[in-house]
Structure formats: C-alpha cells, structure tokens
Amino acid sequence: MPTVTREYEAPDVAAKAAMQAESMEATTSDIVGEKMVLNMGPSHPATHGVLRLVLEMDGEIITKADPDVGFLHRGDEKIAENMHYNQFVPYTDRLDYLAPLANNVAYALACEKLMGWEVPERGRAIRVICCELARISAHMLGVGVFAMDVGAMTVFLYTFTEREKIYNLCEQLTGARFTTSYTRVGGQVRDLPDGFVSAVRKFLDELEPVIDEVDKLLTRNAIFMARTQNLGVITKQEAIDWGISGPNLRGSGVAHDLRKSNPYLDYERYDFDIPVGTTGDCYDRYLVRMEEMRQSVRILRQVMDKLPGGPINVADAKGLLPKKEKVLMKMEELIHHFIIATQGIDAPPGEVYFGAENPKGELGFYIHSKGGGVPYRLKIRSPSFINLSILSKMIPGHLLSDVPSVLGSLDFVMGECDR
Amino acid sequence: MAIITVQRPKLAWHEKAFISTLFKGLKITLSHALRTFLQIAGKKPKVTMEYPEQKWDDQLPDYYRGAPALVTDEHERERCVSCQLCEFICPPKAITITPGEIPSDDPWAKVEKRPKEFEIDMIRCIYCGMCEEVCPEQAIFLRKDYAITGLSRKEMVHDKKRLYEIGGQRVGLVNKWNELK
Ligand code: SF4
Ligand code: SF4
C-alpha cells in the first residue's frame, strides 16, 4: 500500500481567535444603522436620583428612550394602609423631599376633606406660607440643578445658599430642617413661633436680589439659550394628553394652576399671576419656574400682611388629640387621649380625592375609607411619575448630550415618582 | 385670572458675541468674591460654618427634633409609667418596651408601673416626635442631639440606661403623682 501524505492545518488557540476576529470585522464593521444600547443611570449625576434611562443610540442620536423607574420604591401606599392617618404624615415628608412642607399640607387637606373639616382662617394662612416657602425652595433647587446640568455651576451655589435660609425657617417653624412633619389632620403641630413673620420678610428681601442675579446669569445667556431652546418641546396638546402638570404644563402654554382653577386654602384671596410659556421647550420651563418664584414672593407678602389671628386647628374636640395640659391633669381628657392615640381619628366611610398644586405639579391623594382610623386604600398621584412618562416620547431625536438639559428642565424627584 | 406669558428675550449682537454677557457675569462673580472676603474679614455674616468646631446648636429651637430620650423628675423618679402609647404610635416601630411593676416598698409604689426595659432603635427612628406628642406623662422628649453614631447596629439601640443618660433630669413639668394621688 502506497503511503499518502496529507497536510492538515491545525491552528493554535491564538491563531483561531485572530481568524475569528477577522471574519467578525468583515461582517460587522461599518454597518450603517447599527444601534447601540446605552444605560444612563440609575446612578448618574444628571438623573437626579435613581432614574434609569435605557437609550437606543444611532451614533450620537437617540432613537428610543425607555425610562425605568422604581429603584426607590418603598411601598408608601401599602404602608399607609397599616397606620393611622396621622402616623402617615412623616411618610409624606419623604415623597417630594425638596418640598416636604407642601406635601404635609396636601396630605392634611386630603384627610380633612374626608373628615369634612376645615381649619380656621389662621391655620389656612399658615399653610399658604408653608406651601409657598416650599415652592420657592423646590424651584430654587430645580433652577440651580438645571443650570448645573447644562454647565453653569455658579447658579447652583447661589440658589443653594437661599435654600439653606428656607431650611432655617423650617427649623424654627417645625423643629426639623428637612423632615418637617408639620401638619396633622385638622391642623398644625404648633403656631408660628415669635419673630417668624419678620424672619420670612427678611428672607424675602434677601431672596429677590438673588432671583434677579440668577436671571442675569441665565436668561440672556447665549450658551444657556443654545442648550435649552427648542429642546425637549412638549406641545400644548401633548402636555394635556400625557397628563403633565405643574410648571412643565404651564411651560407648554396651558394656563392651568389648581390654586386658581380649584382654589383651596383661600388662594382666591391672594393676587397672583400664572406664568405660561409659548413653545414648551426647556427654556420656557425655566422661565416659568423663575416667574413662579416671583409670584410666590408676592403671595407670601400678601399672606403676612393680613395674617389673621385666632386658632390654628379645627375645633372638633372629639376628633383631635386633646390639649396636653389637660391630658396631664384631667381624667376625662386622658381617656380621650388614649382612645384617639390608639384608635386614630374616626374617619367616615367614603372616597375622596384631593389634588394640590405642589412645586412639581399636582400632588393628589385618593383616600378610600371604610370608616375607622386606618385608610382602606391610599393612592398617591405623584406628579413626577406622570411628568416622566413623556420621556419616551420626548427624548428620541435628541443628542445624548441634550438628555441632561431635558431631564433638568422637567425637574422631577424620584422619591415621589417611585414612592 | 391673570395669565402672564413669559418673555423670550431677543439677544443683541454684543450679547450673542458674549461681550456684554461676559462683563455682566464677571460683575456678579466679583461682587460675590468681594462679599466672601468681607465675610472672612468678619464684616458680614458667613454663609457656611466650620462644623464641628462651630456649631449651630444655640440657634436650635426648644422643640428641635433630635434623639428621643427619657427624663426623670426632681426626685429622680422615672417619669415613664410604661403605658406603651409611644410604642404604639411610633410610625417606624422603633420603640420596644417591657413594662415592669414598682415593688410595694418603693416610695413611688403608688405609680405602680415603670418600664423594665425601654429600647429605642436609633436606626429605625425617624425623629418624627410623635412619641413626645402622645406621651401622657411628659416622660419622653426629643432632645437637641443630632449626631447619633455607633460602630455597630447593637450600639445604635439605645437601652433604658442610655436613654436616661441622654435625657437627664427635667424640672418644671407637671408632677401629678406628687400632689394629687
Ligand atoms: S414614655 Fe410616655 S408614652 Fe411612652 S410608655 Fe412611657 S409614659 Fe407611656
Ligand atoms: S421620634 Fe418618632 S420614630 Fe423616633 S422613637 Fe419617637 S415616635 Fe418613634
């Protein structure tokens, strides 16, 4: 038998890999239309918390955006079903944690609607002060962070200084800088401390020059304009369709403000204007926020000018915790105190919804009660969640570097969005 | 209903070319820099503080909500009668109380009960102040301590001894057990 010699090629591992890579390159490189998926967040400085955006990119241009929320979910709605109405107040601090006072007020108003109570005039005026201070503080941060996102760091530092002053006021009023827990169903924990009104006035006098300064730094700034104008446009119809609320809605030109259209807390008695935008882009939303701060200053001045006297809590002796002095000395009040503290405020059965104009938009509480001290179901309509839902519509078509300005202009807060 | 439409400015050529904007921005920045120098020189109140060398403590209101603690009265009596109302109301369930009897030979035997164990888990506590609000004996107070730290989870659970240490004695409260009963 003759011997046949054949030659086999047996490449080693490295050579094999090189061959594979070569063939890969031949098939994949330079394919037009190849998309890349980019994860932005959940811990990205421009996503203001823990928002994750799954972006599909064609080069620098975003073709699809998928907001992924829920990283901060704490089950607040379920927690509410397991505690008294008053015990839930500290949890409302942690919804929109940039304006805890406004959340406290909104929650208290929703519960009072269920109870059929109305706080006296002075209590309402105090609540307006709380809401407007919270609005200024939230917008100060909103504008400052927005500017920082598009590259203007200075503004952030100036606005943050003012926010610290608001925190000092909160501390004087409630005993805590951040987690205010100021309201209770049927009133407030305490009346305004001595000198509070003059302290607020002093603060407002210092605030106005800072708003002007921010205005000077940003409004006519060509770079800021270039980075925000005609970006992230929400048209009037879109804004309504997607249920956007707050400054984002007004930036799109819809003059809807619950303080005007559905006045609560005597807002109809104060003279203020609603700023609306024309284009609905990031720049308009910024302008609306700036103007809203000025309007809040106006409201605050009016409230303090005609601050009524009298009681701050509802006079329903059966539904509220009795006065502490009486609890300490009198048997009847002590028994009553124990009943209220252990069983909660006895709410009538029924369903209510109350929406308040919070800095971020309409914060609504829907309460379903079956009677007794604990809600059967408590639903929170959080404005940030609904404002964010439009991202998937809004972002595609933009450059990746525009995403921070779009996010910054929407001014959301994840604590409330994920609740 | 007054609606104002926000005005979108039209930039002049010198603003577009950053000429006037540059000077405007520099003016603001310099004014702030000057202010900072004045602050350092002590001519103006400072914005920041050098914590922990400087503290804000003297500005805190009396009702500041820091760490909750138990207090004793003028006669060193534990004010708490372990009614457990605070344990019940505490939203994050940070308080655990084991009630105990006061022995009949104790001078305060008429009070009948006091806590055998009283623990507040400072990792759970959210400083809401509800315990102070519901206490019918003025026994628990939120103090001005805000820097509560510990090296372990166990250290962060304040037991009865520690709570009385932080709380100390508080005079001038209503002493119903002295006169009335
Ligand atoms: S601290 Fe007050 S509320 Fe708590 S158990 Fe003692 S007496 Fe009752
Ligand atoms: S302050 Fe609030 S969370 Fe802390 S122990 Fe008291 S009731 Fe509980």
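**Close-ups of a two-chain predicted model**

**View 1. The open sheet of chain B.** Three strands make up an open sheet in chain B, ordered β3-β4-β6 with antiparallel pairing (strands pair if DSSP finds at least two bridges between them; strands, E, at least two residues, and helices, H or I, at least four, are DSSP runs numbered from the N terminus). β3 (95-101) and β6 (157-158) of chain B are the edge strands, each pairing on one side only. Strand β4 (residues 113-121) of chain B runs antiparallel to β6(B), and two bridges join them; look for Ile120(B) opposite His158(B) in β6(B). Helix α5 (residues 160-167) of chain B lies across β4 and β6 of chain B, at about 85° to β4(B) (axes are lines fitted to C-alpha atoms, for helices over the stretch in contact, and angles run from 0 to 180 degrees between N-to-C directions).

This is a predicted model, so to speak of local features pLDDT must be at least 70, side-chain atom pairs count only at pLDDT 80 or more, and totals for chains, interfaces and linings use all residues. Residues are numbered from 1 along each chain as its sequence is written, while chains are lettered from A and ligands numbered from 1 in the order in which they are written.

**View 2. A hairpin in chain A.** Strand β2 (residues 52-58) and strand β3 (residues 61-68) of chain A run antiparallel, joined by seven bridges. Arg52(A) has Asp68(A) as its bridge partner in β3(A). Two residues sit between the strands of this hairpin, and Gly59(A) takes a positive phi near 65°.

**View 3. Two helices of chain A.** Helix α5 (residues 121-149) and helix α12 (residues 282-305) of chain A have axes that come within 9 Å and cross at roughly 155°. α5(A) and α12(A) are therefore roughly antiparallel (angles over 145 degrees count as such). Residues that meet here include Ile136(A) and His139(A) from α5(A), and Met293(A) and Ser296(A) from α12(A) (in contact: C-beta atoms, placed from the backbone, within 7 Å).

**View 4. Where chain A touches chain B.** The contact takes 41 residues from chain A and 36 residues from chain B. On the chain A side, elements supplying at least two residues each include α6 (153-174), α7 (196-218) and α12. Strand β1 (residues 3-5) of chain B runs parallel to β6(A), with three bridges joining them, and Pro275(A) stands opposite Ile4(B).

**View 5. Around ligand 1.** Ligand 1 is surrounded by 13 residues, the closest being Cys80(B), Cys83(B), Cys86(B), Cys135(B) and Ile140(B) (C-beta atom, placed from the backbone, within 6 Å).

Technical notes:
Parallel < 35°, antiparallel > 145°, perpendicular 65-115°, else oblique. Contact = placed C-beta atoms within 7 Å.
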